[in-house]
Amino acid sequence: MSEPTGAARRRGPFKVGDQVQLTDPKGRHYTITLEEGKSFHTHKGAFLHDELIGAPEGSVVRTTGNVAYLALRPLLPDYVLSMPRGAAVVYPKDAGQVLAMADIFPGARVVEAGVGSGSLSTFLLRAIGDQGMLHSYERRADFAEIAQQNVERYFGGPHPAWTLTVGDLQDNLSDTDVDRVILDMLAPWECLEAVSKALVPGGILCAYVATTTQLARMVESIREFGTFNEPQAWETMVRNWHIEGLAVRPDHRMIGHTGFLLTARRLAEGVEPPLRRRRPAKGAYGEDYTGPGSQSGGRPA
């Protein structure tokens with residue numbers, strides 16, 4: 001049985017071409033690609049890449065200035081935060097939420113719109129495996145080129161499950177029987193018709209948006225469209241902790257707001273979403289509003 005794409009690059013002794021993350025005594029990270037005869041230089045000395053080639057992961061190498069560096073392969077979260085960028089990357093905390101809350105499984109058929117620099121694409125490809133399908137759409141050719149380079153650099157070459165198309169999803173989407181759709185774009189509500197046609201019953205739509213106005217419009221658009229269940233929306237924040245003896249406290253810095261996530265599931269064809277039982281708070285809608293959730297029009301709350 002052959003190994004999954006990229007798996008061989010994640011284990012065993014360091015080899016020529018491997019990416020290595022070096023950590024200095026102050027916890028600072030440096031990423032290098034191993035080449036025979038090449039050196040890593042710092043203001044406190046240097047060492048040859050040959051000292052790491054053939055060494056086991058987790059080795060310590062010392063510079064000519066006797067500074068120790070711990071050598072490990074970068075984790076995927078490390079890789080996506082340090083890779084070349086065209087657009088802003090989806091942070092690992094949000095990518096992890098997408099994989100879990102959108103229930104990305106091995107062999108899944110996934111469509112993604114808004115590739116950016118390829119961060120989320122890499123997470124998705126590793127989750128669905130070689131037997132899955134990821135069709136990614138990116139409007140900008142320059143972003144698509146950067147994303148393709150980043151993804152192929154991580155996996156060591158083209159991934160057999162990945163197709164990258166330059167263009168708008170709503171104009172080019174031809175995939176059918178899609179299990180999951182991930183939208184990371186400025187106006188995801190514009191894609192609801194195309195997404196609804198592509199998703200299988202029970203399939204999941206997951207959108208990643210930056211602002212509350214985008215979030216509100218996307219939720220209301222899903223409700224109005226009528227082919228999805230009630231959407232769920234949330235954000236995540238990550239705060240590291242400093243632990244040193246009895247000094248146990250939160251770090252002074254944290255990864256706060258990066259974006260909002262929401263999910264909704266495709267209903268069976270011809271089925272209307274159940275009426276919302278929860279009554280909106282007074283003032284949640286303007287006096288002239290007659291859409292879903294209003295007391296004077298649309299579906300009753």
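Modeller: On a 1 Å grid over the protein atoms alone, a cavity is a set of points where a 1.4 Å probe fits but cannot get out, while a pocket is an open set with protein on both sides within 12 Å along at least five of seven lines. Lining residues have an atom within 4 Å of a point. A volume is the space filled by probe spheres set on points joined across faces, edges and corners. The model is predicted: local features need pLDDT of at least 70, side-chain atom pairs pLDDT 80 or more, and totals for chains, interfaces and linings use all residues. Residues count from 1 along each chain as its sequence is written, and side-chain values use heavy atoms, without hydrogens or water.

Biologist: What volume does the largest cavity have?

Modeller: The structure holds 1 cavity of 30 Å³ or more. Arg9, Arg10, Asp18 and Arg73 are among its lining residues, as are Tyr79 and Tyr154. The volume is about 120 Å³.

Biologist: How many residues of that cavity lining are charged?

Modeller: Asp, Glu, Lys and Arg count as charged; Ala, Val, Leu, Ile, Met, Phe, Trp, Tyr, Cys and Pro as nonpolar; the others, Gly among them, as polar. The lining has 3 nonpolar residues and 1 polar. The charged count is 5.

Biologist: Which residues lie closest to the centre of the largest pocket?

Modeller: This pocket has a volume of about 690 Å³. Its lining has 30 residues, divided into 16 nonpolar, 8 polar and 6 charged. Closest to the centre are Gly114, Glu138, Asp184, Met185 and Leu186.

Biologist: Is Gln214 buried or exposed?

Modeller: Gln214 sits in helix α7 (residues 212-225); helices are DSSP runs of H or I with at least four residues, strands runs of E with at least two, numbered from the N terminus. Buried means under 20% relative accessible area, exposed over 50%, partly exposed in between (1.4 Å probe, protein chains only). Gln214 has 10% relative accessibility, so it counts as buried.

Biologist: Which backbone nitrogen does the side chain of Gln214 reach?

Modeller: Beyond four places in sequence, Gln214 contacts (heavy atoms within 4.5 Å) Met185, Leu186, Trp189 and Val209. Leu186 is 28 residues away in sequence and 7.8 Å away in space, C-alpha to C-alpha. At 3.1 Å, the side chain of Gln214 reaches the backbone nitrogen of Ala210.

Biologist: What is the relative accessible area of Asp177?

Modeller: Asp177 lies in the loop between α5 (169-172) and β10 (178-183). Its phi is positive, near 55°, though the residue is not glycine. Asp177 is exposed, with a relative accessible area of 52%.

How values were computed: A polar contact is a pair of N or O atoms within 3.5 Å; within protein, one must be able to donate a hydrogen and the other to accept it, and residues adjacent in sequence count only if both atoms are side-chain atoms.
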